[in-house]
Amino acid sequence: MSINDLPLLSALRTKMQWHQERQRVLSENVSNSDTPKFRPRDLVEPKLDRSGAITGAMGPLVLTRTSGSHMTPSGAASAFDQNKNVGFETRPAGNAVVLEEEMMKAANNQMDYAAATSLYSKSLHLLKTAIGKA
């Protein structure tokens, strides 16, 4: 059994990859804060089972809607979650990005990523100690 097969480490790797992608999406929201008719996006957090695999509608291979005019596959959720509560803060140009909210999301995402990386490195250190390599 390799280290890659351990469920805890697999789940932590999946979580870290999700946080990296979410940070990219949030930074796009901030960079498009002056783009007319731009709507902020966010990622739906993956649900993990005990083995660390993604469960639910978001299986291992998910089709991503790159345009609002694309159809969502039946029985599957889109990887992006359009913010439905943006109507009251939409500017006259149609832009709905609230910089304060996006920066708070980015800060929380960064803290969650740091926690996941800390758990991952401590788990690896514990495994090395158990096999006598540390």
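Biologist: What share of the 134 residues in the chain is buried?

Modeller: Buried residues make up 27% of the 134 residues, where buried means under 20% relative accessible area, exposed means over 50% and partly exposed lies in between, with a 1.4 Å probe and protein chains only. This is a predicted model, in which local features need pLDDT of at least 70 and side-chain atom pairs count only at pLDDT 80 or more, while totals for chains, interfaces and linings use all residues. Residues are numbered from 1 along each chain as its sequence is written, and side-chain values use heavy atoms, with hydrogens and water left out.

Biologist: And which elements does the chain have, and in what order?

Modeller: There are two helices and four strands, arranged from the N terminus as α-β-β-β-β-α; helices (H or I, at least four residues) and strands (E, at least two) are DSSP runs, numbered from the N terminus.

Biologist: What span should helix 1 have, and what do its end C-alpha atoms give?

Modeller: Helix 1 covers residues 7–31, and its 25 residues at 1.5 Å a residue should span 36 Å, which agrees with the 36 Å between its end C-alpha atoms. The expected span is 1.5 Å times one less than the number of residues.

Biologist: Which residues of helix 1 are buried?

Modeller: Among them are L9, L12, M16, H19, R22, L26 and N29. As background, an α-helix has 3.6 residues a turn, so residues three or four places apart point the same way.

Biologist: Take L12, then: what is it in contact with, leaving aside neighbours within four places in sequence?

Modeller: L12 is in contact with A116, L119, Y120 and S123, contact meaning heavy atoms within 4.5 Å. L12 and L119 are 107 residues apart in sequence, yet their C-alpha atoms are 7.8 Å apart in space. L12 itself counts as buried because its relative accessibility is 10%.

Biologist: Where is D42, and which side chain does it join in a polar contact?

Modeller: D42 lies in strand 1, and its side chain joins that of R22 in a polar contact of 2.7 Å. A polar contact is a pair of N or O atoms within 3.5 Å; within protein, one must be able to donate a hydrogen and the other to accept it, and residues adjacent in sequence count only if both atoms are side-chain atoms. D42 is buried, with a relative accessible area of 12%, and R22 is one of the buried residues of helix 1.

Biologist: Changing topic, is S33 buried or exposed?

Modeller: S33 counts as buried, because its relative accessibility is 9%. S33 sits in the loop between helix 1 and strand 1, and, not counting residues up to four places away in sequence, touches R91, N95, V97 and L99.
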